[in-house]
Amino acid sequence: MLFRSRRATGPRPAPSLIAAVVTVAVIFPLFFLLQGIGQFLTGLLPRLQLGSVVTVLAFGLIPTLVCWFARVDASRWYALGAKARSPLVWLGAAALGLSLWVPDHELIVAVARFRGVDFAGLLERLTSYAGDLRQIPVGWIVALIAVVPAVFEEYFFRGFLWSAIEHREHGPGSSAADSRDRTWNAWWVTSLVFGAFHLIMPNPLALERLVATTAMGFALGWVRRRTGSVLPGTLLHALHNASATLISYYSTRLAGAGLGQDPTTHLPTTWLIASAVLICVGLLCVAKGTGRDSAVDSNLLGLDDAVDTGDNPRR
């Protein structure tokens, strides 16, 4: 069944895997078609606003309707269990968000060089984009490029889709190994789908970004797996988007301070070292804050509710 009966058995912790697959199949072409409308708009701000509306519709409204119909309690995905409440987790997520744009940039440049991209033309387009970006108030930039995508993409990928995979076909006899396998599957599947969706975004570096965005999906998935919550990853995602965008936004000021960098070349060694140190700090903080065992409590996974309510897919 696409949607299980809405009988009064209490809320479910996740949508069914079939419902999640169908939702992805519906959203993918819809996302592509609606994003294409942007080419008919004049100015960067209207295109960014359209992108945010499409993001809210595709990654927010549609999966929310599916959850409502299937009686899914999406608040579980945001539950702050003991592992997610540690200040170290939030410090680590922030550190990763402020530093992962560096390897992201390096991967994009490496893939572009491998593909033999015309860097002269690319630099011209990126310079033009940065100029258009600076014509928009910074508040709009942060909201449209950092906050909205982070909130709704994490809700869909590390919330809706992740939970559907993680909760599939569990039952009273499920072992800890079964739970770990489902979590691993949720990790790699959501990361690949995350990268695929960004491939169809209207971006001059869409293909080059595929590898970097997929890698970012694995980083976000790791935080989701360690903490059992969508919230720390949302912070990481928002800071990552904001960092990369604001560096482009303030590129002329950075150049005046001697920190300017050609966006089509690899970053200086000092930037790479600083980023590597901050990434290590972030990883250690998240790992330390969540403890040696990254398994989350069964009540957060919703296993107990599935047994208690009789809403178990194996029955």
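How far apart are the end C-alpha atoms of helix α5 (residues 119-133), and what should its 15 residues span? Keep that question in mind as you load the chain. The model is predicted.

**Stop 1: helix α5**

Select residues 119-133. At 1.5 Å a residue, helix α5 should span 21 Å. Its end C-alpha atoms are 20 Å apart, which agrees. Now colour the buried residues of α5: Phe119, Gly121, Leu122, Leu126, Ala130 and Leu133. Keep Ala130 and Leu133 on display for the next stop.

**Stop 2: Ser248**

Go to Ser248, in helix α9 (residues 231-249). Ser248 counts as partly exposed, because its relative accessible area is 24%. Set aside its neighbours within four places in sequence, and Ser248 is in contact with Ala130, Leu133 and Arg134. Draw a distance from Ser248 to Gly131. C-alpha to C-alpha, the two are 9.0 Å apart in space, yet 117 residues apart in sequence.

**Stop 3: the nonpolar cores**

Select Ile27, Phe31, Phe59, Trp77, Phe197 and Leu236. These residues have the most contacts inside the largest nonpolar core, which has 40 residues. Several helices supply at least two residues each to this core: α1 (17-36), α2 (44-69), α3 (87-99), α6, α7 (176-199), α8 and α11 (269-290). Which helix gives the most to this core? The answer is α6, with 8 residues.

Centre on Phe197. Leave out residues up to four places away in sequence, and Phe197 touches Val24, Ile27, Phe28, Phe31, Phe59 and Phe157. Another core, of 8 residues, lies apart from the largest one. Leu44, Leu133, Ile141 and Leu144 are among its members. Leu133 is also one of the buried residues of α5 and a contact of Ser248.

**Stop 4: the salt bridges**

Side chains of opposite charge can pair when their charged atoms come close. How many salt bridges are counted here? The count comes to 3.

Start in helix α6 (residues 138-166) with Glu154 and Arg158. Their closest N and O atoms are 2.7 Å apart, in a salt bridge. The two residues are 4 apart in the helix, so about one helical turn separates them.

Next, select Arg209 and Asp104. Their side chains meet in a salt bridge at 3.4 Å, N to O. This pair links distant parts of the chain: Arg209 sits in helix α8 (residues 206-227) and Asp104 in helix α4 (residues 101-115), 105 residues apart. Arg209 counts as partly exposed, at 23% relative accessibility. Asp104 counts as buried, at 10%.

Finish with Arg76 and Asp73, whose side chains form a salt bridge at 3.9 Å, N to O. The cut-off for a salt bridge is within 4 Å. Arg76 is buried, at 14% relative accessibility. Asp73 is partly exposed, at 24%.

**Stop 5: a nonpolar surface patch**

Switch to a surface view. Select Leu98, Ile273, Val277, Leu278 and Val281. Together they make a nonpolar surface patch of about 400 Å². Which helix gives the most to the nonpolar patch? It is α11, with 4 residues. Ile273 is found in helix α11.

Technical notes:
Residues are numbered from 1 along each chain as its sequence is written. This is a predicted model: local features need pLDDT of at least 70, side-chain atom pairs count only at pLDDT 80 or more; totals for chains, interfaces and linings use all residues. Side-chain values use heavy atoms; hydrogens and water are left out. Buried means under 20% relative accessible area, exposed over 50%, partly exposed in between (1.4 Å probe, protein chains only). The expected span of a helix is 1.5 Å times one less than its number of residues. A nonpolar core is a set of buried Ala, Val, Leu, Ile, Met, Phe, Trp, Tyr and Cys residues joined through side-chain atoms within 4.5 Å. Contact means heavy atoms within 4.5 Å. Patches are made of residues with over 30% relative accessible area and no salt bridge: like charges are joined within 9 Å, nonpolar side chains (Val, Leu, Ile, Met, Phe, Trp, Tyr) within 5 Å. Accessible areas come from the Shrake-Rupley method with a 1.4 Å probe; for residues, only the protein chains shown count as cover.
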